[in-house]
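Subject: Structure handover and findings

Hello,

Here is the structure you will be working with. My notes on it follow below.

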Amino acid sequence: MAEVEKKAFVTGHPIAHSRSPKIHGHWLAKYRIEGSYQPIDVAPDDFATFLKTLRENGFQGGNATIPHKEAAFALVDRRDEAAEQIGAVNTLWFEDGELWGGNTDAHGFAANLDDHAPDWARNGPAVVLGAGGASRAVIHALIERGVSDIRIVNRTLARAQELQHRFGAGVSAHGFDATNELLAGAGLLVNTTALGMHGNEGLSADPVRLPDRAIVTDIVYVPLETPLLAAARARNLKTVDGLGMLLHQAVPGFERWFGKRPEVTADLRALIVADIGAKQ
Ligand code: ATR
């Protein structure tokens with residue numbers, strides 16, 4: 001008897017830009033799994049109904065992206081520790097009849113640095129630029145991996161202070177005017193702001209102040225080399241681009257829905273690099 005095809009999705013509004021179908025499609029073909037992973041555009045008003053009908057529509061689970069991550073957080077039956085800390089859900093699955101929501105962005109961030117700069121977590125203090133949803137995932141990863149001095153720098157100081165209260169000891173909040181002073185003693189610089197993104201070309205911080213041992217990473221991956229990473233490279237600092245975070249955050253979901261822990265390989269990276277090149 002043929003196996004029933006396993007179905008997963010990514011939902012957002014809009015969703016056409018998502019690269020997740022390419023990533024999961026690559027793995028489904030590579031591991032010869034009878035399954036599908038489809039993009040589904042769901043308007044915010046319809047999201048609760050979409051979640052309620054997942055089971056009857058035959059889904060194992062899927063991903064939620066902008067603007068559904070906070071709604072998914074509120075609507076699931078159970079949440080994993082990372083989702084709880086970050087306040088957003090990007091991965092959904094069923095377990096013992098309940099709909100679970102997890103967040104794999106922190107895992108993706110840490111695994112990308114593990115691949116390309118293995119000593120990163122011992123290279124504190126860390127400066128994190130930005131105080132939005134992506135920043136929360138990065139800060140959770142830093143805390144989990146034992147970074148004890150995390151300095152959030154944000155244009156709007158009040159948002160950085162909110163995160164300071166959320167995450168507690170070891171996390172401090174600063175406005176942009178403090179950046180240069182903070183960088184002088186930092187071993188890790190992370191950009192989580194939209195600055196440097198294609199169409200928003202700006203330098204989120206000047207890495208000239210960082211010590212020579214510093215590692216610089218950006219969660220923006222279009223373009224692959226952001227102005228921040230280019231400036232850091234020109235200074236001979238170790239740089240890690242953001243594409244690996246996107247690839248690694250997809251791993252836990254694929255394993256839950258399709259029963260196989262997939263690998264992040266050079267082939268997969270090349271496939272998405274080509275796609276970014278085509279769409280820029
Ligand atoms: P995400 O979930 O991707 O992190 P977000 O919650 O909208 O998105 O947060 C975007 C972050 O980028 C914020 O830290 C924002 O700064 P403010 O809190 O001051 O708005 C930052 N950001 C976006 N555009 C920026 C710009 N032009 N200059 C500086 N910071 C910017």
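R32 sits in the loop between α1 (20-30) and β2 (35-41). Its phi is near 50°, a positive value in a residue other than glycine. Elements follow DSSP: helices are H or I runs of at least four residues, strands are E runs of at least two, and both are numbered from the N terminus.

Before the rest, the ground rules. The model is predicted, so local features need pLDDT of at least 70 and side-chain atom pairs count only at pLDDT 80 or more, while totals for chains, interfaces and linings use all residues. Residues are numbered from 1 along each chain as its sequence is written, and side-chain values use heavy atoms, with hydrogens and water left out.

Two cis peptide bonds come next. One runs from I66 to P67, with omega near 5°. P67 lies in the loop between β3 and α3. The other joins G124 and P125, with omega about -15°. P125 is in the loop between α5 (105-116) and β7 (126-129). Most residues other than glycine have a negative phi, and most peptide bonds are trans.

Now the largest pocket. It holds about 1,600 Å³ of space. A pocket here is an open set of points on a 1 Å grid over the protein atoms alone, where a 1.4 Å probe fits, with protein on both sides within 12 Å along at least five of seven lines; lining residues have an atom within 4 Å of a point. Volume is the space filled by probe spheres set on the points, which are joined across faces, edges and corners.

The lining has 46 residues, and I66, K69, A134, M197 and I219 are the closest to the pocket centre. Elements giving two or more residues are β3 (59-64), α3 (69-75), α6 (133-144) and α10 (243-249). α6 gives the most, with four. Domain 1 (6-103 + 250-279) and domain 2 (106-244) each supply at least three lining residues; the bounds come from an automatic or database assignment. By class, the lining has 20 nonpolar, 18 polar and eight charged residues. Nonpolar means Ala, Val, Leu, Ile, Met, Phe, Trp, Tyr, Cys and Pro; charged means Asp, Glu, Lys and Arg; the others, Gly among them, are polar.

Finally, α6 also packs on helix α7 (residues 157-167), at an angle of about 35° with axes 11 Å apart. Axes are lines fitted to C-alpha atoms over the stretch in contact, and angles run from 0 to 180 degrees between N-to-C directions. S135, R136, I139, H140 and I143 in α6 meet L163, R166 and F167 in α7, with contact meaning heavy atoms within 4.5 Å.

Best wishes
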